[in-house]
Amino acid sequence: MDRVEADLDLADVRRVLAGDPEGFEGIVRRWQGPLINLAYRFVRDRERAEDMAQEAFLKVFQQLARFRGDSAFSTWMFSVALNVYRSSLRRRALPAVPLDAVAEMVGRSAPQLALEEAQREELVRRAVAALPPRYRDALTVFYFKDKDLAETARILEVPEGTAKALLHRGRKLLQRKLGALGSVPSSVREAHA
Amino acid sequence: MTTDDLDRILASEEPLVPSSGFAASTMGRVREAATAPPPLPFPWRRFLLGLLATLALSGLGGWTTVRLHAVEALGAAFGSVSAALADAHLGLPLAGAVVALAGTYLLVRLTLGFTGASR
């Protein structure tokens, strides 16, 4: 996060706290993309992700007076958003990963797999979203935050060591779950490189 | 599937672009929230007052019951139970129940009295 962005956030927060709700528009415009994308990683559904992001913005607005500036505004905001997303997922969970689709892919030839790589990646992402909540949250936030462990721990509100352990166990669980998918063919890996 | 495969797949998600009306509709809801009256906090002061009143009434009822029982027991021991005490004995459980009910009613009334109707 750049310094200018952080300063703009703080200026907008002060404006809202001084009684001008229009100051919140800058926050919405700057962070709508990240909040929607984080929600999308949990639900894999654009419309629902936007609804969840809107709820998150509303909660951030309502709780703005609780922001004490101990961390960056964006860290606090993602933490509030994560709690909103967790509540939403408790009310309506993501449909289970279609394991039949995974099984169908096993045994296909390399060219077929290359063609189906997008589907395969989607299955992996859905498998993350269907993990037990604490592993799901850790993995989702970690990759969303470009593998920044310290920031992930702050957003999850856990010590770094706990975040690291959650990531490790989450990856192992995911690998077990996705064992049937095997390794990605080298041709596909090269295409992504 | 290796850890590298997972890393590559999970780190390479294509970002979504928000719908064109997202910011406007979100700000619409924010404005609504800004003009809505703040939620009423729980009326702790009234609740505690009611609780204290209930405890005081229950204590008084209990103490009266014990005292009259003691008088009756002493009276029986000395062979001089009066008709008045006998009446009181029959009425005591009912009196205790009335005191407890009154206290509970007071507590509920004080707590609920804080909500919208009283404003």
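A:K147 is partly exposed, with a relative accessible area of 40%; partly exposed lies between buried, under 20%, and exposed, over 50% (1.4 Å probe, protein chains only). This is a predicted model, in which local features need pLDDT of at least 70, side-chain atom pairs count only at pLDDT 80 or more, and totals for chains, interfaces and linings use all residues. Residues are numbered from 1 along each chain as its sequence is written, chains are lettered from A and ligands numbered from 1 in the order in which they are written, and side-chain values use heavy atoms, with hydrogens and water left out.

**Positive phi**

- Most residues other than glycine have a negative phi.
- A:K147 has a positive phi, near 60°, and sits in the loop between helix 8 (133-144) and helix 9 (149-156) of chain A; helices are DSSP runs (H or I, at least four residues) numbered from the N terminus.
- A:R44 also has a positive phi, near 55°.
- The loop between helix 2 (24-43) and helix 3 (46-62) of chain A holds A:R44, which is buried at a relative accessible area of 7%.

**A:R41**

- A:R41 belongs to helix 2 of chain A.
- A:R41 is buried but has no salt bridge, and B:E13, the nearest side chain of opposite charge, is 4.1 Å away.
- A salt bridge needs a side-chain nitrogen of Lys or Arg within 4 Å of a carboxyl oxygen of Asp or Glu; Lys and Arg count as positive and Asp and Glu as negative, while His and the chain ends are not counted.
- A polar atom of the A:R41 side chain lies 3.4 Å from the backbone oxygen of B:L10.
- Leaving aside residues up to four places away in sequence, A:R41 touches residues including A:T140, A:Y143, B:L10 and B:E13 (contact means heavy atoms within 4.5 Å).

Terms used. Helix = DSSP H or I, 4+ residues; strand = E, 2+ residues; numbered from the N terminus. Polar contact = N/O pair within 3.5 Å; in protein donor to acceptor, adjacent residues only side chain to side chain.
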